[in-house]
Amino acid sequence: MPSDKQASYAHMNGEMNVGERNKIHYEIHGLTSPDAPTVVFSSGLGGAAKFWQPQLADFAQDYRVITYDQRGTNKSVGDLPANYSISDMADELAALLKKLEVQQCHLVGHALGGLVGLELGLTQPNLLQSLVLVNAWSSPNPHTLRCFDIRKALLAADRKDMYLKLQALLLYPPDWIAANAKHLDDEEAHLLNHFPDVNNLLARIGALSAFDIDDKLAGITTPTLALANKDDTLVPWQRSKVLAEAMPNAELSVMGYGGHASSITVPEEFNKLVLEYLQRLA
């Protein structure tokens, strides 16, 4: 016999209109009770709900889980303005949560998704029970900006194939890349045929490159786990240390292995760390 918890498990998809010709695609997994604790996952530059596939089974047992394709990415069709900002992304997520009648949630944000969480912590803190910021940052970093400059140069040269190869180097540890070479080759071939709109991609890179709230971190009082990876080649782990030291209710956890995308490369360890943090808060 299924338990009550298993019996109340669901998976649903939906869309929210964001003005003319713009939609945000979302998915809901796990518990269905309106008073179930809610975890929202917000992705990095790629913006994809499917980035969090390795988390769904573990988190859906005890939470209502919401994932979404950020505006202008994947199934969320629409054109982004050149001056698009992290603030815009936070407003769009807040509107989605309002539509879904979410009063409060735990927000897990990876890189750019973490910036969205920080912005909500500043502007709409009542929405947040906690923040988990995965390899995120609060201001432009010279190393990270160099990586994005190379990305932009590859886009300008129409070398989307090389853009995708670089992406793997920035996301994953070298030994993981070697062990998953065939999978990455297949994935890159698929992505090359479904490459995101370049103007939207540049607008999103512009938004994350301009984000700077160092002088406001002390005002974010949401309980926060700043989760970093020592071997992250895109975002130095010390950027998470800055967050943990400046935010009054934040703590730092540094994983030794996993690269920039540890939720994919070491999902068991990642899930355990985040779930233990959320359970401590409860």
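Reader: What volume does the largest pocket have?
Author: This is a predicted model, in which local features need pLDDT of at least 70 and side-chain atom pairs pLDDT 80 or more, while totals for chains, interfaces and linings use all residues. Residues are numbered from 1 along each chain as its sequence is written, and side-chain values use heavy atoms, without hydrogens and water. A pocket is an open set of points on a 1 Å grid over the protein atoms alone where a 1.4 Å probe fits, with protein on both sides within 12 Å along at least five of seven lines. Counting the space filled by probe spheres set on the points, joined across faces, edges and corners, the largest pocket has a volume of about 1,100 Å³.

Reader: Which helix gives the largest share of its lining?
Author: Lining residues have an atom within 4 Å of a point, and helices are DSSP runs (H or I, at least four residues; strands are E, at least two) numbered from the N terminus. The largest share, six residues, comes from H8.

Reader: How are H3 and H4 oriented to each other?
Author: Axes are lines fitted to C-alpha atoms over the stretch in contact, with angles from 0 to 180 degrees between N-to-C directions. Those of H3 (residues 86-99) and H4 (residues 112-123) come within 9 Å and cross at roughly 75 degrees. Angles of 65 to 115 degrees count as roughly perpendicular, so H3 and H4 are roughly perpendicular.

Reader: What kind of aromatic pair do Phe41 and Phe59 form?
Author: Rings of Phe, Tyr and Trp (its six-membered ring) pair if their centres lie within 6.5 Å, and planes over 60 degrees apart count as edge-to-face. Phe41 in strand E3 and Phe59 in helix H2 are 18 residues apart. Their ring centres lie 5.2 Å apart with planes at 90 degrees, so the pair is edge-to-face.

How values were computed:
Parallel < 35°, antiparallel > 145°, perpendicular 65-115°, else oblique. Phe/Tyr/Trp six-rings, centres within 6.5 Å; stacked < 30°, edge-to-face > 60°.
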